[in-house]
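Hi everyone, thanks for coming.

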Amino acid sequence: MTVTYTARVANARFGGFSKLLLLWRGSIYKLLWRELLCFLGLYMALSAAYRFVLTEEQKRYFEKLVLYCDQYASLIPISFVLGFYVTLVVHRWWDQYLCMPLPDALMCVVVGTVHGRDECGRLYRRTLMRYAGLSAVLILRSVSTAVFKRFPTIDHAVEAGFMTREERKKFENLNSSYNKYWVPFVWFSNLAAQARREGRIRDNGALKLLLEELTVFRGKCGMLFHYDWISVPLVYTQVVTIAVYSYFLACLIGRQFLDPAQGYKDHDLDLCVPIFTLLQFFFYAGWLKVAEQLINPFGEDDDDFETNFLIDRNFQVSMLAVDEMYDDLAMLEKDLYWDAAEARAPYTAATAFLLQQPSFQGSTFDITLAKEDMQFQRQDGVEAPLSEAHGDFLQRLLPVGAGMAAGGLLGRRLSLLRRKNSCVSEGSTAASCACAGAHDGAAPECSCGDPLLDLGLPEPESEPHAVPEPPAPALGPPAEPFAAVPMPGSRGPAPPWLPSPIGEEEESLA
């Protein structure tokens with residue numbers, strides 16, 4: 001059964017993990033105590049033989065052997081090999097759990113696509129989910145020893161209610177030498193197609209959604225089968241095991257305490273128990289034990305997956321969802337914050353301090369700049385207003401050529417582009433310039449702020465003016481009978497909300 005200690009380490013505090021060191025179930029002590037006692041017993045036996053059994057000549061030979069083993073034991077790359085191996089096993093262990101077939105998404109699709117409150121509709125929904133549960137049982141009994149002990153034969157699945165006797169006959173009559181966990185998925189697909197023909201599934205889109213979710217469920221079952229089939233390469237496991245065992249076999253001899261009277265280097269102290277050697281054995285051998293426990297999480301270790309619990313949970317939840325909860329809705333009511341402009345759930349006294357904390361706006365909101373650093377800088381030393389920047393940009397893109405100086409078509413187009421940009425950037429040019437004050441007679445041509453004149457470019461040839469159209473009648477009170485209507489001499493800048501006149505000018509130029 002899985003050992004859960006999440007609540008014990010919910011908050012980080014002084015010595016937080018120290019409370020976990022006294023746990024026995026699922027602990028490293030439970031896994032390693034036999035190997036640790038065996039290593040310590042062999043070490044003490046060699047130490048006693050060196051001190052009390054060997055002769056002086058034999059002691060000198062043993063001391064040379066100790067120095068040799070201690071010198072060359074460090075050549076075994078135990079940290080490198082063991083670290084990569086455990087990392088691989090831990091990733092594989094978590095990926096296997098992600099492949100556990102959970103019916104939650106599938107049951108929601110079934111309850112939303114297979115309709116009918118009558119007994120037939122209920123039978124369709126329950127049978128579909130029973131087929132999904134049967135497939136999960138068949139694949140789990142193929143990979144998990146705990147599930148196999150619960151369902152050792154197909155007859156046990158029939159007695160448990162996952163399969164009927166008629167279905168068992170069809171299952172056994174299917175001639176195939178391979179694992180037949182996929183058979184209930186085919187039954188599921190056939191039954192879904194029959195429900196579509198009978199109108200229980202109302203359209204092909206719903207049937208497609210149901211089969212897609214079934215495919216996801218079937219894919220997880222298939223991955224469990226492949227994880228059980230394709231193990232971590234045996235050579236890798238053998239290399240790691242040999243590296244750890246050979247290293248500590250060398251430590252049994254090389255870490256012996258020698259007689260300080262012989263004057264060997266780093267042998268000035270004589271103890272009976274090798275404290276740090278035992279700690280090293282505890283860490284490295286414990287690391288190997290972690291990989292040994294996690295390499296197959298479908299066994300019966302303390303931290304293996306709760307497969308039987310998941311079977312019970314999934315079967316009960318799926319039947320409740322598609323049967324008792326089908327079309328079972330509470331009466332719709334307005335929520336508590338129906339008329340609230342800003343909905344916020346209340347806080348208890350233990351969490352009221354969270355209201356005083358400002359909401360996160362972004363990591364750059366705390367940056368402050370000096371006032372002079374927030375001023376826009378002109379490019380290339382230009383000090384003209386931003387409204388004239390477009391004209392300067394066009395001037396740089398389209399330099400004056402022979403054709404433009406002579407008033408050609410390209411020059412006139414450039415003039416129109418500048419006029420449009422001036423209108424867009426300064427929507428009220430006609431009302432704000434100095435030339436707009438004259439209202440008697442024909443309106444004079446406004447040339448203030450003309451980018452063409454400011455840049456010192458030759459003005460293109462004048463175009464023949466089109467005959468002005470009569471003004472539309474005003475919707476307000478009638479004008480004075482003899483009021484003079486000023487005739488425009490040239491086309492002035494258009495308001496920014498009107499479409500561009502460039503197209504019309506180009507048509508006339510053509």
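Let's start with a question: with which residue does Arg122 form a salt bridge? The partner is Asp323, and the closest N and O atoms are 2.9 Å apart. By salt bridge I mean a side-chain nitrogen of Lys or Arg within 4 Å of a carboxyl oxygen of Asp or Glu.

A word on what you are looking at. This is a predicted model, where local features need pLDDT of at least 70 and side-chain atom pairs count only at pLDDT 80 or more, while totals for chains, interfaces and linings use all residues. Residues are numbered from 1 along each chain as its sequence is written, and side-chain values use heavy atoms, with hydrogens and water left out.

Back to our pair. Arg122 sits in helix α5 (residues 119-143) and Asp323 in helix α13 (residues 307-324), so this bridge ties together parts that are 201 residues apart in sequence. Helices here are DSSP runs of H or I with at least four residues, numbered from the N terminus. Arg122 is partly exposed, at 42% relative accessible area, whereas Asp323 counts as buried at 14%. The cut-offs are under 20% for buried, over 50% for exposed and partly exposed in between, using a 1.4 Å probe and protein chains only.

Asp323 also forms a salt bridge with Arg126, with closest N and O atoms 2.7 Å apart. Arg126 is partly exposed, at 30%.

Next, Arg130 and Glu167 meet in a salt bridge of 2.9 Å, N to O. Arg130 is in helix α5 and Glu167 in helix α8 (residues 165-173), so parts 37 residues apart are tied together. Both ends are buried: Arg130 at 13% and Glu167 at 9%. A search of the whole structure finds 18 salt bridges.

Now for the nonpolar side. A nonpolar core is a set of buried Ala, Val, Leu, Ile, Met, Phe, Trp, Tyr and Cys residues joined through side-chain atoms within 4.5 Å. The largest one has 49 residues, and among those touching the most other members are Leu106, Leu140 and Phe188. Which helix gives the largest share of this core? Helix α5 does, with twelve residues. Leu140 has contacts (heavy atoms within 4.5 Å) with residues including Met100, Leu224 and Phe298, not counting residues up to four places away in sequence.

Thanks, and I'm happy to take questions!

Note on methods. Helices (H or I, at least four residues) and strands (E, at least two) are DSSP runs, numbered from the N terminus.
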